[in-house]
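Here is a walk through the fold, from the whole chain down to single residues. Keep the viewer open while you read.

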Amino acid sequence: MKRISQTTLLLAGLGAIAIASGCKAGKTGQAATDEDAAKKVYVAPGKHDELYMFASGGFSGQIAAYGIPSGRLLKVIPVFSQNPENGYGYSEETKPMLNTSHGFVPWDDTHHPELSKTNGEDDGRWLFINGNNTPRIARLNLATFKTEEILELPNVAGNHASPFCTENTEYIVGNTRFSVPLDGDKDVSIGDFKRSSKVPRLLSK
């Protein structure tokens, strides 16, 4: 509600400037233009925006939800990071989601939100987003704007430019930026890497 009040006050101020500067020569056109621009993006308190944007937060480990055209920040949703404001990552329900095979990792680099699909069309039920560090993929419920599940991908290194949903969200596909040894060894020497990697040609050039 605080953000809405600030938006209302800002627009009231612009209207006052337009009236005052209308008395001065050469200012009327600019004032009218500013007022028209403000009206185009104004969404009254209690009204819905036409569109909603979900922006990845990068190293914040969060997602930000904005209304369009108002530009209002509606909510910051913690995903891969703890949030003392609402207890996410501290409560018994949410803290286990931040456990990984590398231990408790309460941060990540969020990238590339993806909406769930029905018959190939975005349906607005779920939002998926990847963590680039561990790597992980999270599932958010868009009815509650809360993170409900985080999965760690065991055979991926540097999950990036994913996830991708299949036509009816039967599967979520993740990808890797770095090749991973086939035999499951976590540490492979450079000399043996060509033999044990899926993509030896990339490193042999």
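Among contacts between residues at least 6 apart in sequence, 40% join residues at least 24 apart. Keep in mind that this is a predicted model. The protein chain has four helices and 13 strands. Of its 205 residues, 32% count as buried. The chain exposes about 13,000 Å², and carbon and sulfur atoms supply 57% of that area.

**Two hairpins**

Let's start with β2 and β3, which pair in the antiparallel sense over five bridges. Alanine 65 stands opposite lysine 75 in β3. The two strands form a hairpin with four residues between them, and glycine 71 in the turn has a positive phi of about 75°.

Further along, β8 pairs with strand β9 (residues 146-152), again in the antiparallel sense, over six bridges. Here leucine 140 sits opposite threonine 147 in β9. This hairpin has four residues between its strands too, and phenylalanine 145 in the turn carries a positive phi of about 60°.

**Around the end of β2**

Isoleucine 68 lies in strand β2 (residues 62-68). The peptide bond from isoleucine 68 to proline 69 is cis, with omega near 20°, and proline 69 belongs to the loop between β2 and β3. Is isoleucine 68 buried or exposed, or partly exposed? It is partly exposed, because its relative accessible area is 33%. Together with Leu51 and Met53, Ile68 forms a nonpolar patch on the surface, with about 260 Å² of accessible area for the three together.

Serine 70 brings helix α2 into the picture. Alanine 38 is found in helix α2, and alanine 38 and serine 70 are 9.3 Å apart, C-alpha to C-alpha, despite being 32 residues apart in sequence. Alanine 38 counts as buried, with 11% relative accessibility.

**Salt bridges**

The count of salt bridges comes to eight. Three of them are set out below.

| Aspartate 49 | Arginine 72 | 3.3 Å |

Take the salt bridge between aspartate 49 and arginine 72. Aspartate 49 lies in the loop between α2 (28-41) and β1 (51-56) and arginine 72 in the loop between β2 and β3 (73-78), so the pair ties together parts that are 23 residues apart in sequence. Both ends are tucked away: aspartate 49 is buried at 7% relative accessibility, and arginine 72 is buried at 6%.

Salt bridges that share partners join Glu114, Lys117 and Asp122 into one network.

Serine 116 is placed in strand β6 (residues 110-118). Why does serine 116 count as buried? Its relative accessibility is 0%, and buried means under 20%. Its side chain reaches the backbone nitrogen of arginine 125 at 3.5 Å. Leaving out residues up to four places away in sequence, serine 116 touches a list of residues including Asp122, Trp126, Phe128, Cys165 and Thr169.

Threonine 169 is found in the loop between β11 (164-165) and β12 (172-173), and has a positive phi of about 60° although it is not a glycine. Threonine 169 is buried, with a relative accessible area of 17%.

Asparagine 119 also has a positive phi, near 55°, in a residue other than glycine. You'll find asparagine 119 in the loop between β6 and β7. With a relative accessible area of 56%, asparagine 119 is exposed, whereas threonine 169 is buried.

Terms used: Residues are numbered from 1 along each chain as its sequence is written. This is a predicted model: local features need pLDDT of at least 70, side-chain atom pairs count only at pLDDT 80 or more; totals for chains, interfaces and linings use all residues. Side-chain values use heavy atoms; hydrogens and water are left out. Patches are made of residues with over 30% relative accessible area and no salt bridge: like charges are joined within 9 Å, nonpolar side chains (Val, Leu, Ile, Met, Phe, Trp, Tyr) within 5 Å. Accessible areas come from the Shrake-Rupley method with a 1.4 Å probe; for residues, only the protein chains shown count as cover. A salt bridge is a side-chain nitrogen of Lys or Arg within 4 Å of a carboxyl oxygen of Asp or Glu. Buried means under 20% relative accessible area, exposed over 50%, partly exposed in between (1.4 Å probe, protein chains only). A polar contact is a pair of N or O atoms within 3.5 Å; within protein, one must be able to donate a hydrogen and the other to accept it, and residues adjacent in sequence count only if both atoms are side-chain atoms. Contact means heavy atoms within 4.5 Å. Two strands pair if DSSP finds at least two bridges between them.
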